[in-house]
Amino acid sequence: MSKETINVIMVGVGGQGIILASEVLSEAALRAGYDIRKSEVHGMAQRGGSVSSHVRFGKTVRSPLIENGQADIMLAFEKVEGLRASDMLRNNATIILNDAEIVPTTVSLGMGEYPDNVTDSLRGMGFRIVPVNADHLAEQAGTVKAANVVLLASLASFLDIDKEVWIDVIKSRVPQKYLDINLKAFALGYEASCA
């Protein structure tokens with residue numbers, strides 16, 4: 001991408017590793033020489049509530065928050081959370097969309113329905129959809145908990161940050177006992193995105 005400032009929003013629910021993913025992106029952008037700003041919102045994250053993180057990087061970035069309609073890329077860890085945050089995206093933005101569906105409490109209590117065809121709805125809004133079965137690839141790597149790293153690998157294929165920088169940041173952020181799984185998850189996600 002060649003733009004003055006790149007705006008990335010990450011959305012999902014508590015426990016999906018969004019905060020770690022945004023920290024890895026921020027550090028990778030910093031190591032690549034960009035000015036970065038980051039902000040996050042936790043909504044009952046411990047109970048599966050919505051979590052979002054804004055990451056902005058470029059030559060000079062003054063605010064950590066992305067205005068509605070200004071995000072270039074969304075990393076949607078869960079489909080409905082992606083749909084909910086779609087007003088954050090600019091026209092023709094890219095959504096890296098995890099195939100995961102996590103049923104909200106309101107749906108499990110019978111107070112609502114999980115929407116059908118979220119992917120088609122987002123595509124119908126004019127966004128470019130990049131589907132990623134991150135949970136499946138993470139399981140191949142060793143644990144579904146590494147789905148956040150699979151999604152980061154897909155994001156990495158769109159950004160002008162060297163692949164080795166991402167790997168170095170993951171090595172510095174992930175505990176040693178989980179490192180091999182996360183590096184494998186990154187490799188699988190990157191390979192799937194470049195195929």
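## Aromatic pairs

Rings of Phe, Tyr and Trp (for Trp, the six-membered ring) are taken as a pair if their centres lie within 6.5 Å. In this predicted model, a search of the whole structure finds two such aromatic pairs.

## Tyr-34 and Phe-57

The ring centres of Tyr-34 and Phe-57 are 5.1 Å apart. Their planes stand at 65°, so the pair is edge-to-face, the cut-off for this class being over 60 degrees. Tyr-34 belongs to the loop between α1 (18–31) and β2 (35–42), whereas Phe-57 belongs to strand β3 (residues 50–58); the pair therefore ties together parts that are 23 residues apart in sequence.

As to accessibility, Tyr-34 is partly exposed, with a relative accessible area of 23%, while Phe-57 is buried at 2%.

## Phe-186 and Tyr-190

For Phe-186 and Tyr-190, the ring centres are 5.9 Å apart and the planes meet at 25°, so this pair is stacked. Both residues lie in helix α8 (residues 176–194), where four residues, about one turn of the helix, separate them. Phe-186 is buried, with a relative accessibility of 1%.

## Packing of α5 and α6

Helix α5 (residues 134–141) packs with helix α6 (residues 147–156) at an angle of about 115°, and their axes are 8 Å apart. This angle makes α5 roughly perpendicular to α6. The crossing of the two helices is right-handed.

On the α5 side, the contact is made by Ala-134, Asp-135, Leu-137 and Ala-138; on the α6 side, by Ala-147, Val-150 and Leu-151. By class, the residues of this contact comprise six nonpolar, no polar and one charged.

Key. Residues are numbered from 1 along each chain as its sequence is written. This is a predicted model: local features need pLDDT of at least 70, side-chain atom pairs count only at pLDDT 80 or more; totals for chains, interfaces and linings use all residues. Side-chain values use heavy atoms; hydrogens and water are left out. Rings of Phe, Tyr and Trp (its six-membered ring) pair if their centres lie within 6.5 Å; planes under 30 degrees apart count as stacked, over 60 as edge-to-face and the rest as tilted. Buried means under 20% relative accessible area, exposed over 50%, partly exposed in between (1.4 Å probe, protein chains only). Axes are lines fitted to C-alpha atoms, for helices over the stretch in contact, and angles run from 0 to 180 degrees between N-to-C directions. Angles under 35 degrees count as roughly parallel, over 145 as roughly antiparallel, 65 to 115 as roughly perpendicular and the rest as oblique. A crossing is left-handed if the near helix is turned anticlockwise from the far one by less than a right angle, and right-handed if clockwise. Contact means heavy atoms within 4.5 Å. Ala, Val, Leu, Ile, Met, Phe, Trp, Tyr, Cys and Pro count as nonpolar, Asp, Glu, Lys and Arg as charged, and the others, Gly among them, as polar.
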